[in-house]
Amino acid sequence: EMIETVLRKLQQHGWRFDQPGFLSQSWRQHDLALVGIDDEPLIPAPSWQCNGGQREARVLNRDVVDFAKIVGRVEPRFVAAKLPWVLAQLPGLRKELKRVVLSGDWVAGKLTDKWRLSASDALCNGLLCQETKQLATTALRQANRQLGGRLNPKWFPDPIASQAVVGRVRTNRQATWTPLTQKLKGWRVVAALGDNHATAAGCGATDLQTLVVSLGTSGTINRIVPTSTSLRGKAAAFEYWDHRLLLMMLGQCASWYNLFCNNYAAGLSHKTLNNLAKTADLNKIRRVACPPDQVQTQDTFTWPVLDRLAQPEQVASVQFSIAREMLQRMKAMHQEVKGPNAGLKRVILTGGLSQAPLVRAVLSCGLERLLPQSTVWLNHRPGPLAVKTDALGALYNALAAATKTTVPQVIEKQSKLKKCRPTMPDQKKQIDALLTSDKDWSLE
């Protein structure tokens, strides 16, 4: 029903489905699908927020010889830990369990009747060998014995590479799937992408010398590295076609700014707020802390330090604070890669807050010091896909399969980038001084 709703909306915008094409999906990482003999989920999919498998993660990392070395360190939200935890809570499921996949794999299976495990998500769930991207059968078999038969490698289908075609859509005689599979009959289904993988692609990550910075609801910093790269271990790592994707995150970015707007500037447009920030006296701004993760955008929330400031300085304080937090994470990402050839020569800014002149000015000043050899670019893609970067990444994946090109080639061709020009040149020296020598704002 969800997919049919999306297709109806696309048809309203002129899309046609009567000619076979290519379909790819972006799915939330770590969604676990336990599939029964009728190819239906036995329980609702435990998501990335399910952290019940803490004991199982400890066992896999500590007690199963070389397991973490082969598949990577296991977190409680990973399928390798979450699956045995679920089966410990609901032991009766084992008798009904036919296969275990990720949610995107289940949708692909229902459309094509071909069951594969997408490498994009499986690689960061403790299921695949990090070096070969094949199912870590021997390691899983050893872990299965340690966990009392709750991590059987026979439950997992063969992995499939990102950008590879799972199969063609076939008419599914199950009533809930018949209309959809008839509409898409003959379409090729491309392996699903995890949302972090897809988002990085949608933001423009293409090469080893580019840093992609998204200032959306969450703030994310992505870079691509070869799989053999030696890392410091501070960044989360995901599959990215032939390479590895590194991720660092500011949990609240635009959501932090929206929380401020709702509590201090209700009714004012973003354009008005940006103009206020440009007129602020930067000598008077104050650093404010990121709100706790549990605080929602619509909640009542105050920062006492802002109550003594005029509105231009309030806006500037929050924008400058967010930009500084992102710069700190960019610095950490640059330092994540050990050894030579770790240079970054291009930074792409995207997301709603990248449109704020003060935010761009602070980021540009900071990057001149952190990455002096880099140039800064701005994503100025128009329309709804400008912010739906995970959907855009999945679209790139399908387009690459359809055109028999690589995804980076598709991204370079489709991206809408322009050189980031100075937005507040008169304040550059003052911004630079705050970032280098002020005890509250310094990046050191």
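**Close-up 1. Asn 379 and its polar partners.** In this predicted model, a polar atom of the Asn 379 side chain lies 3.1 Å from the backbone nitrogen of Arg 381. The side chain of Asn 379 also makes a polar contact with the side chain of Thr 350, at 3.3 Å. You will find Asn 379 in strand 15, which covers residues 375–379. With a relative accessible area of 10%, Asn 379 counts as buried, because the cut-off for that word is under 20%. Leaving aside residues up to four places away in sequence, Asn 379 touches Gly 202, Cys 203, Leu 349, Thr 350, Gln 355, Lys 416 and Leu 417.

**Close-up 2. Tyr 240 and Trp 241, an edge-to-face pair**. The structure holds eight aromatic pairs.

**Close-up 3. Tyr 264 and Trp 303, a tilted pair**. Here the distance is 6.2 Å centre to centre, with 35 degrees between the planes. The pair links distant parts of the chain, 39 residues apart: Tyr 264 belongs to helix 11 (residues 254–264), while Trp 303 sits in the loop between helix 12 (270–279) and helix 13 (311–336). Tyr 264 is buried, at 14% relative accessible area, and Trp 303 is buried too, at 6%. Ring pairs join Tyr 264 and Trp 303 with Tyr 257, Phe 260 and Phe 301 in a cluster.

**Close-up 4. Lys 419 over the face of Trp 377**. Take a look at Lys 419, which lies 5.8 Å from the ring centre of Trp 377.

How values were computed. Residues numbered from 1 in each chain as written. Predicted model: local features only at pLDDT ≥ 70, side-chain atom pairs only at ≥ 80, totals over all residues. Heavy atoms only, no water. Phe/Tyr/Trp six-rings, centres within 6.5 Å; stacked < 30°, edge-to-face > 60°. Helix = DSSP H or I, 4+ residues; strand = E, 2+ residues; numbered from the N terminus. Buried < 20%, exposed > 50% of the residue type's maximum accessible area, 1.4 Å probe, protein only. Lys NZ or Arg CZ within 6 Å of the ring centre and 35° of its normal. Polar contact = N/O pair within 3.5 Å; in protein donor to acceptor, adjacent residues only side chain to side chain. Contact = heavy atoms within 4.5 Å.
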